[in-house]
Amino acid sequence: MRRSLRRAMWAGLAAALAVAAVPVTAALGAGSLTATFTVSSDWGTGHEVRVTVTNGTDAAVPTWRLEFDLSDGTTISSFWDADVTRTGNRYVAVKKSWAGDLAPGASFSWGYIGTGGYRAPLNCTINGASCGGGTPTPPTTPPTTQPTTAPTTPPTTPPVTTPPAGQKVVGYFAQWGVYARNYHVKNIHTSGSASKLTHILYAFGNTTGGRCTIGDSYADYERAYTAAESVDGVADTWDQPLRGSFNQLRKLKRMYPHLKVIWSFGGWTWSGGFTQAAQNPAAFAESCYNLVKDPRWADVFDGIDIDWEYPNACGLTCDSSGPNAFKNLIAALRARFGSSALVTAAITADGSNGGKIDAADYAGAVGYLDWLMPMTYDYFGAWAAQGPTAPHSPLYSYSGIPQQGFWSDAAIQKLKSKGVPASKLLLGIGFYGRGWTGVTQDAPGGTATGPAPGTYEAGVEDYKVLRNTCPATGTIAGTAYARCGNNWWSYDTPATIAGKMAYVRSQGLGGSFFWELSGDTGNGELVTAISNGLR
């Protein structure tokens, strides 16, 4: 099975993070229906707000309608997870059609990007009753203007704020890892990583014929596990209805009830079927729902992830479905899976002008998604056999970078500028390095003769190997590199991950994700660095 190649690019700015809650309540039978406005970020010329509707009554609320005024000079420029209309300064937000009843004690959040500095909403009503009002806590001193370009040199100490509640640590589990890599679900437990993760992405399901299909039935649900290999020390039997990694994930979730598992479809190798899927999104969504919710493993998966590389652009194959295809596909999945399931997507991180981010309407799709994962790694590698050598996951630009827009901060800032909320963006980390051979120069920018030898693939090596065979000797643009003999490698270390997690916090991002678990050490060194860095 070929490793999923991630070509991601991202761009970065530090925005001041501030949180201010404005409770607005309206009486509704026993208890009340409330709305809370939370300022996620305020940069002076704009701001991001999360609005949470909470049912404090003793009965389910089938629908809600929130009305409020915004002061002159403040407008909503984009929104997600609610339908919003405007008449003058008056805004009306109503529940999305795919969102179910709001149960007693339950909450539902939607959000918006506003122009100008944040001002509390006025004359607020919810379901026709007066909401009251309040005065938000002023945000910590925001910059007077929002920067529009990434710094050439990253700040030595990025601005750090208290991380928002609910930050995500999301790791890929590659189904083919159970073969040569001998990496199984049990390793997530024994490494100590399971307690630090919030979500596991199971990669990958296939997209053959424009439908969601099984990727590897043996690894997925047929392989019999011995007692020694099993998460809970209990061997599979010949007649049990579910075996393989799916059953092991079920056992892991029982041990760690906080963990959510999402089935990811596509990837570099299996994205070709999305072109046909885009021709009939509803049929695709129906096939995915039926597969993910198959009674044999319905309790294993908490949702679906789409890794389409790349809509309306080229990856292993080229797609010309148009800029709306991705949004239409995601909308169909949300409609079929409903509001309770997780629907996520891994996307390009090409922050260049006219690049892959510009090829599809990711901002239009984000309203149907729980989060987006720009793949901020694989910017550079030995597919350019003669070099120049360059770090594959730079956080910022640097003098001599081979291509403009090919760094993480570029992608993040481009997505935010299009209206994607920071809180729905996760920063990607690679648990592996990319390298060249035939290199004589220590610093990036040297010439090469081809890919460096790797355990499973030329030009690629796991972090757990490189930390011992080629320890990092330098850093550039927020990531590490080393030359060992005539081989040159770039990869992230616990120290550079700490810096990237400080960036996540300073930007108000929703957390971090990584490719993939088997590249880490036996004691989960990199997962620990991500988890600690987000606290």
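Trainee: Which residue in β12 does Gly-171 stand opposite?

Mentor: Gly-171 stands opposite Ile-200 in β12. The chain passes from β11 through helix α1 (residues 185–190) to β12, and this β-α-β crossover is right-handed. Please bear in mind throughout that the model is predicted.

Trainee: How many bridges join β11 to strand β12, and how do the two strands run?

Mentor: Five bridges join them, and the strands run parallel; β12 spans residues 199–205. Strand β11 is also joined to β24 (residues 511–515), by four bridges, and this pair is parallel as well. Within β24, Gly-511 is the bridge partner of Lys-168.

Trainee: Where might I look for an antiparallel pair?

Mentor: Consider β6 (residues 83–87) and β7 (residues 90–94), which run antiparallel and are joined by five bridges. There, Val-84 has Ala-93 in β7 as its bridge partner. The two strands form a hairpin with two residues between them, and Gly-88 in the turn has a positive phi of about 65°.

Trainee: Why does Gly-233 count as partly exposed?

Mentor: Gly-233 counts as partly exposed because its relative accessibility is 41%. Gly-233 is located in the loop between α2 (217–222) and α3 (244–255). Its C-alpha atom is 9.3 Å from that of Lys-186, although the two residues are 47 residues apart along the chain.

Trainee: What average pLDDT does the protein chain have?

Mentor: The average is 87, and 87% of the residues score at least 70. Over residues 1–30, however, pLDDT is below 50, although this stretch has 175 contacts in the model beyond near neighbours in sequence.

Trainee: Over which other residues does pLDDT stay under 50?

Mentor: It stays under 50 over residues 133–164, for which the model has 58 contacts beyond four places in sequence.

Note on methods
Residues numbered from 1 in each chain as written. Predicted model: local features only at pLDDT ≥ 70, side-chain atom pairs only at ≥ 80, totals over all residues. Heavy atoms only, no water. Pairing = 2+ DSSP bridges. Right-handed = clockwise from strand over helix to strand, strands pointing away. pLDDT = per-residue confidence, 0-100. Contact = heavy atoms within 4.5 Å. Buried < 20%, exposed > 50% of the residue type's maximum accessible area, 1.4 Å probe, protein only.
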